[in-house]
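Please keep the sequence and the structure in view while reading.

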Amino acid sequence: MENRLYEDILNRMGFFMDKANLSARQTSLRLGYSEQFMKRIFNKSVELKVSTFLDFLELVDITPQDFFYLGKNFNRENKNILEMFNSLSTDNQQTIIDLMKKLK
């Protein structure tokens, strides 16, 4: 199970690198490491450190919460909509839900 979780984290890192239009080489260099550093992480010859992970999140301009938030459907606008929805009263939330059902 532990290997699967680590693999999922690496896959998500790849997803966010793609979204940021960064290659493994570019990511490595921008993080201040050798050109091959990220490739070694993805090949699992180097273990990802928490500090490197946090630097990576800063590089791709996301929070740790965003990293785990919506999976491959990550969309900052969707997250903002959910935050606005959650700030509504229960009645107003139900109104929005009813409207969305009608718009399907």
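**Confidence**

The model is predicted. Mean pLDDT for the chain is 88, with 91% of the residues at 70 or more. Helix H2, residues 24–30, has the highest confidence, at a mean of 97. Confidence is lowest in H6, where the mean is 80. Where pLDDT is low, predicted coordinates should not be read in detail.

**The nonpolar core**

Which residues have the most contacts inside the largest nonpolar core? They are Met13, Phe16, Met38, Phe53, Phe56 and Phe67, in a core of 19 residues. Two or more residues each come from helix H1 (2–19), helix H3 (37–42) and H4. Of the elements, H1 gives the most to this core, with 6 residues. In soluble globular proteins, nonpolar side chains tend to be buried together.

Met38 can be followed in detail. This residue lies in helix H3. Is Met38 buried or exposed? Its relative accessibility is 0%, so Met38 counts as buried, the limit being under 20%. Setting aside residues up to four places away in sequence, Met38 touches Met13, Met17, Ala24, Thr27, Ser28 and Leu31.

Phe53 is another of the residues with the most contacts inside the core. Apart from neighbours within four places in sequence, Phe53 is in contact with Ile9, Met13, Leu48, Phe67 and Phe68.

**Salt bridges**

How many salt bridges are counted? The count comes to 2. Side chains of opposite charge can pair when their charged atoms come close. The table gives the pairs.

| Salt bridge | N to O distance |
|---|---|
| Lys44 and Glu7 | 2.3 Å |
| Arg25 and Glu35 | 3.4 Å |

In the pair of Lys44 and Glu7, Lys44 lies in the loop between H3 and H4 while Glu7 is in helix H1, so the bridge ties together parts that are 37 residues apart in sequence. Lys44 is partly exposed, with a relative accessible area of 47%. Glu7 is also partly exposed, at 29%.

In the pair of Arg25 and Glu35, Arg25 belongs to helix H2 and Glu35 to the loop between H2 and H3, so parts 10 residues apart in sequence are tied together. Arg25 has a relative accessible area of 42% and is partly exposed. Glu35 counts as partly exposed as well, at 38% relative accessibility.

**A buried lysine**

Lys79 lies in helix H6. Its relative accessibility is 16%, and because buried means under 20%, Lys79 counts as buried. The C-alpha atoms of Lys79 and Tyr69 are separated by 8.4 Å, and the residues are 10 apart along the chain. H6 is the element with the lowest mean confidence.

**Positive phi in two loops**

Most residues other than glycine have a negative phi. Asn21 has a positive phi, near 60 degrees, and is not a glycine. Where is Asn21 placed? Asn21 is in the loop between H1 and H2. With 65% relative accessibility, Asn21 counts as exposed, because the limit is over 50%.

Asp61 likewise has a positive phi, of about 60 degrees, although it is not a glycine. Asp61 is placed in the loop between helix H4 (50–59) and helix H5 (64–69). At 56% relative accessibility, Asp61 counts as exposed. Asp61 and Asp8 are 53 residues apart along the chain, and their C-alpha atoms are separated by 19 Å.

Which residues make the nonpolar surface patch? Leu88, Ile96 and Met100 make it, with an area of about 250 Å². Leu88 is in the loop between helix H6 (76–86) and helix H7 (90–103). The relative accessibility of Leu88 is 32%, so Leu88 counts as partly exposed.

Note on methods. Residues are numbered from 1 along each chain as its sequence is written. Side-chain values use heavy atoms; hydrogens and water are left out. Helices (H or I, at least four residues) and strands (E, at least two) are DSSP runs, numbered from the N terminus. Buried means under 20% relative accessible area, exposed over 50%, partly exposed in between (1.4 Å probe, protein chains only). Patches are made of residues with over 30% relative accessible area and no salt bridge: like charges are joined within 9 Å, nonpolar side chains (Val, Leu, Ile, Met, Phe, Trp, Tyr) within 5 Å. Accessible areas come from the Shrake-Rupley method with a 1.4 Å probe; for residues, only the protein chains shown count as cover. A salt bridge is a side-chain nitrogen of Lys or Arg within 4 Å of a carboxyl oxygen of Asp or Glu. pLDDT is the predictor's confidence in each residue, from 0 to 100. A nonpolar core is a set of buried Ala, Val, Leu, Ile, Met, Phe, Trp, Tyr and Cys residues joined through side-chain atoms within 4.5 Å. Contact means heavy atoms within 4.5 Å.
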